[in-house]
Structure formats: C-alpha cells, structure tokens
Amino acid sequence: MRILTRFRLSILALFRRQAETARLNQELQFHLEKQVAENIARGLSPEEARMAAMRLFGNQSLVRDQARSTWSWNWLENGLRDIRYGVRTLTRSPGFALISILVMALGIGATTSLFTIVRAVLLKPLPFVESDKLVAVYEHFRESTDGDGFNVVSPGDFRDWRQQTHGFQDMAAWRDYGFNLTGARQEFPEVVEAAGGSANLLSLLGVQPVLGRAFAPDEDRPDAIHVVMLTWSLFQRRFSGDASVIGTQIHLDSTAYTVVGVLPDSFTYPDPHIQLWVPYGQTFTPEVYAMHESHMSHVIARLRPGISAATATKQVSAVQYQLHLAYPSKPVAEDAVFRPLIDDLVLDVKTPLIVLLCAVGCMLLIACLNVSNLLVARGASRRKEVAVRGALGGSRLTLICEQMTESLLICVAGGSLGLLLSMLSTHWLAGNWRDLPRAESIHVDGTVLAFSILLVVFAAMLAGLLPAISSTGKGVFAVLQESSRSIGGSAARSTLRKTMLTAEISLTVILLVSAGLLFKSFLHLRTADLGCVTDHVLTIKYGLPEKQYDTREKVIAFHESLMERVRRLPAVRGAALVSTPPGAGWESDDVFTTPGRPSTHFNLQYDALQRTIDPEYFRVMQIPLISGRFFTGQERLTNDHYIIVSKKFASQFFPGDNPIGRRINVAWDRKPEDFEILGVVGDTLYDVTQPVKATMYFPILSGIPDQASGATIVVRTAGDPLALSVPIQQQVAALDPTMPVYDVLTMEQILGKNTASQSFSATLVLAFAGLSLLLAGVGLYGVLSYLVTQRVVEIGIRIALGAQRSEVLRIVLLDGLRPVFIGLLVGLGGGAAAGALIRSILYGTSPFDPLVLVSIVACLLLTAILACAVPAIRASRIEPMQALRME
Amino acid sequence: MGKPSDLVQGTLDLLILKTIMLEPKHGWAIAKRIQQISNEVLQVQQGSLYPALHRLEQQGWIRAKWSETGSGRPAKFYSLTKAGRAQLEREKESWSRLSTAINLVVEGV
C-alpha cells in the first residue's frame, strides 16, 4: 500500500511536475492569505497585514525549493536545469567550448586507446587454461654478460629436466622452424614459418585441436613418421577450410608430412606468424636431439598445485648443474631460471607500452589543467553573478554543481568524440606496431567503455572542481563589497591559476624530456654505422632442402650458377651470398678454442657469431679488408678449413698479436676441427641496438648441406633495388621451380624493421609532447591575457603617472615567465626521474643527455616567451585615458 | 524568554502526525494548532513545515487531498494513512523514551 502510494507520487512528480509545482505555489499562497487575514483581524491595515505576513513567511522561493527538494526526481530536475544552463553558457563562447572539447577528446581518446592496448597485451590472461600457472624456464650462464641472462634451452637439457625433476606438473618445449611448403599437387611453393612443439605442449596449455588430433608421444622423436598440425589461418588460407585435409600429405622441404590436426583460431602462440607445427623431436637429427650445448628451445612449465615456481626451478637448476659438471668442455649452463609466461611473451613491449600510457596520462592531465584554467578565467568574469546568487540564498552546492556541469559537458562531449577517435586509432596503433604480441586480442569492449566513462568523470572532476570551489568560496561575498572600480585581480585567484600553470609546465617538460630522449635514441639507431653499405642493396633469402641438395657438389652448383645468373642481370653492380646480412639479427654463434692456449674447460668468453659467405661478399657490401686476404674460389668443398674474422674478433682473442695464419678449433660441421685465419675485416653490427660482437666467417663454397644450404643473396644495384626482386626470383625459379624465396628486403628495410618499434614509440611520445607544449602555450597565453585585462586600470594609472612602456612590458613578461621558470625546474627534476625509468629502452643516449635537455629548455622558453609576448605588448600599448575611463 | 524556542530536532514529524491524527488539516491549520496547544511555545516556521509535509507525503505516512475550506477556497488537506498511524506510534514511543531519559539526567543530578 505504502509502496503503491510512493510509486504514484513519484510518477506524479516525474510526469506532472508543472502541475504539482503550481499546486505547491497555491498551497503556499493559501498559507500566506490565511496569515494576512489573521493580521487584518488583529486590526492592521490590509497593506500592513500583507507586509507583516510576507515578513513572517520569509523567503518564499526558498521554502518552495526546499519543499520541492523532498520530491523524488529532484536530482533529475536539477541536473537537467544545470545541463540547460551549461549548454547555454558554452554556446555563448563557442570557440572556448570547441577548443576544450577537442583537447579533451584527444586526451581521453589517446588514453583510452593506450589502455585498450595495455589491457589486451599486458593485463588480460593468456588464452590458456589457468594461464597464471604457466612459466617459461630458461638456462642461465653465470658468466654471461650478453642479453638478460635468460638463455634458450638445448634439447638434451630439456629432456633431462623433464625426466629427472617433478617439481612442475609438466614441461613442454617448442622451437622456431622454417619450411619450404609445397603441395602434393604442385601448388605454388612458399616459405612458411613453423614451430616444433613437444607432444605434450597442447595438453599442457589446455588447448584442443579443432580437427583431428594432437601429436602422439611416440611421434615426438627425430626418426618418427612425419606428421604436421596446421594453424587455423593456414588451414583457411591454403586449404580453404576443407576438413578432408586431415590424413592427407603435404610437402615440407620436399618431405611428405601427414596432416593430423588443425589448431583453433584462438591459438596464435607464440606469435601469429607461425603457420604450422611439427613434433619437436622431428626438428632435430638424433645427435642434436641429445645435445646439451645447442641452445634453441623455449620451455614452458605448468606449476604443480602447492609448489612454487621458485622451488620447482631450484630442482631443475640442480639437474642442470650436474649436466654442467658432466660436460665441462661444452657450453652447458649452470642454472635454470624462470619468468611467468605472460611476461615472457610481452617482454619487449612492456616498457614502451607503459611509457606511452604514462605519456598519454600526462597529456590528459595537462588537458584537464588547461580546461580548468580556462574555466577559472571564465569564472572570474562571473564572480558578481555568483556572489549575487549566493546572497539571494543559492546554496554553495547548487552553485558548484552548476559549474561542474559545464566541465562535465565538455568532458562528456570530448569523451564521446575521444572514444570514437580511439576506436579508429586503436586498430591503427595495433596494426602499425610491428611485432606487437597478442595484437589479435585487442578490441574495444565493456571494460574499455567503463574505463573511458570513468576517465570522463575523473577529467570533469579534475577540470571543474577546482574552479568551482574557488569561485564559490567564502570570499565570494567580498566581491559585492568591492568598489565597482576594482583595481587589479584578486591575488589568491591568480595564485591558483599560476600554480596550475606551473604544474602544467612541469608535466610538459617531463613529457618533452622523455620524448627528446626517445627521439635522440631513435636517431642514434637510424644513423648507427652498420659497418657496410646500406643503400641500393637488396637481400633475398632462400634455403636448399637437404633432401634434394644432399651433397656438397649439388649445393655449390646451385649457389654458383644462381650467382652467375644474377650477376649477369642489368643494373646489378655486384652480388654475393651470406647466411645472414648485417643488422638482420644474431642468427647463430659458436664457441671455439685456440690451440696453444687449450682450455679443457668450456669458457663463454670464447664465443663468436658465425656467418657463411661467398668470396665476393666483403667487396659487394664494402666491408674493408684490414689484413690478410678474402676468400677466393679455392676455399671450396673439403678444402674449407679457413675462416675470416672481424676486427673485434682479432682484438678480443688475439690482442697485440697478428691473427693471420693462426688456428682456432671450432665445431662448424658437427665435430671440432682446426680452421686457419686468412684475413681480418671491418666490424659489422648484427643488430643496431646492440654492441659489436666478434664474428667469424666460414666459406659457403664448402657446400656442406645444412651449414651452407641456407643463404641470403645480397645485391648492389644501380637503381631502385626493389625493381630487381622479380628478375632475381625468376632466376631462382629458372634453376629450381619448387624453390621459394622469402624476406625480400632492402638493407634499409632491414634497418627499419629493427628500429620500427623504437621509431613508433619515439614518434608517438614526441607527438604527445608537442601537443602538450601547444596546450601549455595556449594555457600561458590565456592566463596572461586574463591577468592583463584585470590590470588594465592599474597599468593605465602607472603609465599616466609616468611609467615607461618598456617597464610595463618587463613587469608583465616577468609575471608570466615566473611560473614558467618554476615549472621548468620542477619539470627537469621529474624529467630526470622519467629518464632513469626509460633508461632500458634508450640506445646510446644518456638519460641526462645535455643536447636534449638544452634544446628542450630552449624550446619551452621560446614557446613561453611567444605566449607571453602578445599580452605583454598589448599591456604596454594601453592608452591611460582609455584605460581609466574603462569600466 | 523572548523568542519561542526552536523545535527539538526531529520532533516536527511527530507533532505533525499527532496534529492530524483526528481529522485532516491544511498546512496553516497544522501550524496554528501546534502553536495553540503548546501555549504559543512551539512556533512552526513555514520554511520547516512545508518541506516536512512534502517529505512525509513522499514517504507515504500522510495523504494529501484538495478540498474546500469553510470559506469555499480550495486548500490542501493532509490526513494520516494507515502506515502513518503506525509511524506515529513508533515516533511517540521513541519520544517518550527520549524525554524520560532526558528527564532522568536533568532531574537526577
């Protein structure tokens, strides 16, 4: 019954508000009339009676408001009224509204986009069963200084770990692999990225094949029958989703593999480039499968309930230490280490992503401060209005709410625009970020929406609360007492604005410093000297399947006749072969010993990159000969026990010695043999972000299948290098139509690929910093213009009394630049802290790089002076008479 | 004692409910009635009376009805609902507990 009544009343209050309000007025009027009547009965004149009744009644509209405030939906009514007022005030100054909305849209949009990406990449659990129980286990060399101490695992170690320890519920391994894929029915050949996964990998991750089955344990051996699982993308792309492919054969490197299963669409681990999976054991020869020194596998382990990853890894470490002791002369690590699987996957992007998120956060903060500052300025011109309303009984809360509505409106409009912006930009961002892991899981969903709504509310609070509170504060009634010719603005209010300005400038400086450092580091990478010619060079990779090219003679014949054909092409100025060109990565390394200084113990210090090259390589790539000689056509077939070493190699392993003619002992072709050093050449970088590493070059013309069957053609051209890619591919096809080529890239593209992610984050942070600088400039200009307008009368009097105009200019400029200087100091402090945080992603750039700091200070000061100059000049041109007459 | 004492906080609801217990009254009459019965000690300000009446109505304790007064002018008459009657009992009880307690303290020491 009561509920019904209340429901009826709330309906009435909602839909018949006008009528109800009229009734309320009527009710109050009735009361007043009764009072008047009583007063008349007491003997007052009608006029007096009326006045007395009104006096007794008090503030009639206040009573009405208070009565109404007990009705339901009152909040809605007040909100609507505030929104109406807000829209009205905003449309009165459309320029201000538009700028604020755009600024907010950018801030909120960018923050939402970054949050979407960060959430999908760093925060969302991996799409595996109980993925928080998965860790990646690595080997750890105690002496190693290269990299982060997480070394990939050798197959022998993995197998021993799995057999001998029981701390983990299970351990699985996978490794990268590549195949030339040709169909059983003569389809177009292609090179596919593949992976070898141990039989238990899928069950360990909790993934079921959508078609067929996973690998069986007895297929996970080097000599087992060849089987393959297709990823969903290859299944759709190459086999048009035809389920009858299960049980049929496809050709990988000219060997028949039976398709046993298809992986689900959601399975893109470790990255979406992987097209197919073969059993882990089948990617090895039996000898290598048992080896403890050939590191190439990633190990994933699932935690056993109740046993921590650290405890389980300790067991693995113990086994590993025994292995280390058992093979003293080989590179077998001492320990095992682990990290959560998700960290392992997002390792390279974690810091850049967090830096970017912080950058957009800073930008949003600056945008809020700016809008807040502009609102304070507008609040100043409405102080009288607010004061009058306060005096007439408007509650402070009502006034604050009304002002907040304005900033809320700006933020809601900006936020919706920003959300739209972010929906468009998130995919662009994710797509343009090369090698962003888990990019496929990025999309805008409910959580992201909730986040951006929260962001809007937060921004509105931040932008609106301070101005609203300050403009409705206690001192507000003093406005009414001020003479109409007030001279100068209130000191407290300009302090507030200057404080906000200082904060804004500090944040901008922090952003600028980070952006400057990232950009400098990126430039450093781009201009890094690779040690060889990089323009007009095309690289094309191919790999000879060992099944067809199974003798040294066959391998050499293909390489040589291909080179001969390529060199005959017009516009080719030189062509050569190398296993991996400079800048294209680590690829492979080997440890060696130097006879005469025999080391019975394996020593990590004796480790160098290995490359295989043809005699023309150094000439084509213009890598200088320092001493000795290059390979000739003589170092071929079994007369191949010669190497050429890099300058770094010579200085590191033969310091103060002539290395020419010396021998080293290295296992290039399976077992260790002596190789004589023929020459020393200039250093090249394997990765522009990494320091020089000693390198040894082996002759590709030895033709050993496996060691010499994969090659990269490097071609120097007269014109556009990419124009040659098709003619060269035709030459390859002419020699062997089933031979696909891949990674057709210019040297510049290889460099760009290396630096793409740096370039991306540097450019983005720079863009954010630039925008923030612009915002700070606008803020500065706004504050100063406002201060000048406030002081027009004062300045007029000063000038009338004989102040020099230059003096006025100086005063106003200093007034504006003081917060800039303070902000600059604070910002440089913050920038140093930020620099220390991003140190790990800076290459060849100190976090306190003087050039960056100086140019940032100069840049900011220039912007600040520009922003201050206009109002200052305006102030110095004030005509005293006009100013004094002004009201 | 110059000014009439302010109403004890929270007792206005009780007074209103009690005043309209027997027959419906309009706002003016309620205020007058409280004033009379309390020998002019309790004066209900309009600023408190009407918000209180509307609040009680929203809560469903009292019901409002427009009807004519003796002089033929329409006025809003408030009467107690069934829930209001129960509420009045609760308010009375809590008031008597409170006043007894206060008396104990004031007289006792």
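This is a predicted model: local features need pLDDT of at least 70, side-chain atom pairs count only at pLDDT 80 or more; totals for chains, interfaces and linings use all residues.

## A buried alanine in chain A

Ala608(A) counts as buried because 22 other C-beta atoms lie within 10 Å, the cut-off for a buried residue being 20 or more.

Tyr697(A) is 89 residues away from Ala608(A) in sequence, yet the C-alpha atoms of the two are 9.9 Å apart in space.

## Backbone features in loops of chain A

Asp253(A) sits in the loop between strand E6 (249-252) and E7 of chain A, whereas Asp706(A) sits in the loop that runs between strand E19 (695-699) and strand E20 (710-717) of chain A. Asp253(A) is partly exposed, with 17 other C-beta atoms within 10 Å, and Asp706(A), with 14 C-beta neighbours inside 10 Å, is likewise classed as partly exposed.

A cis peptide bond leads from Tyr269(A) to Pro270(A), with omega near -10°. Pro270(A) is placed in the loop between strand E7 (255-262) and strand E8 (276-279) of chain A.

## Helix packing in chain A

Helix H22 (residues 747-790) and helix H25 (residues 850-876) of chain A have axes that come within 8 Å and cross at roughly 20°, and they are therefore roughly parallel to each other. The crossing of H22(A) past H25(A) is right-handed.

On the H22(A) side the contact includes Leu773(A), Gly777(A), Leu780(A) and Tyr781(A), and on the H25(A) side the residues include Thr863(A), Ala864(A), Leu866(A) and Arg874(A). By class, the residues of this contact between H22(A) and H25(A) are twelve nonpolar, three polar and one charged.

## Helix packing in chain B

In chain B, helix H1 (residues 12-19) packs against helix H4 (residues 82-108) at an angle of about 130°, the axes being 9 Å apart. H1(B) and H4(B) are therefore oblique to each other, and H1(B) passes H4(B) in a left-handed crossing.

Asp13(B), Leu14(B), Leu17(B) and Lys18(B) are the residues of H1(B) in this contact, and they meet Gly84(B), Gln87(B), Leu88(B), Glu91(B), Lys92(B) and Trp95(B) of H4(B). The contact of H1(B) with H4(B) is made up of four nonpolar, two polar and four charged residues.

## Domains and the contact between chains

Chain A is divided into domain 1 (2-72), domain 2 (152-332), domain 3 (348-526 + 754-885) and domain 4 (545-738). The C-alpha centres of domain 2 and domain 4 of chain A are 30 Å apart.

Between the chains, 19 residues of chain A are in contact with 17 residues of chain B. Helix H1 (2-15), helix H2 (17-41) and helix H4 (60-68) of chain A each supply at least two residues of the side that touches chain B, and the largest share of that side, five residues, comes from H2(A). The side of chain A that touches chain B has nine nonpolar, six polar and four charged residues.

Technical notes. Residues are numbered from 1 along each chain as its sequence is written. Chains are lettered from A and ligands numbered from 1 in the order in which they are written. Domain bounds come from an automatic or database domain assignment. Axes are lines fitted to C-alpha atoms, for helices over the stretch in contact, and angles run from 0 to 180 degrees between N-to-C directions. Helices (H or I, at least four residues) and strands (E, at least two) are DSSP runs, numbered from the N terminus. Angles under 35 degrees count as roughly parallel, over 145 as roughly antiparallel, 65 to 115 as roughly perpendicular and the rest as oblique. A crossing is left-handed if the near helix is turned anticlockwise from the far one by less than a right angle, and right-handed if clockwise. Two residues are in contact if their C-beta atoms, placed from the backbone, lie within 7 Å. Ala, Val, Leu, Ile, Met, Phe, Trp, Tyr, Cys and Pro count as nonpolar, Asp, Glu, Lys and Arg as charged, and the others, Gly among them, as polar. A residue is buried if 20 or more other C-beta atoms lie within 10 Å of its own, exposed if 12 or fewer, and partly exposed in between; C-beta atoms are placed from the backbone.
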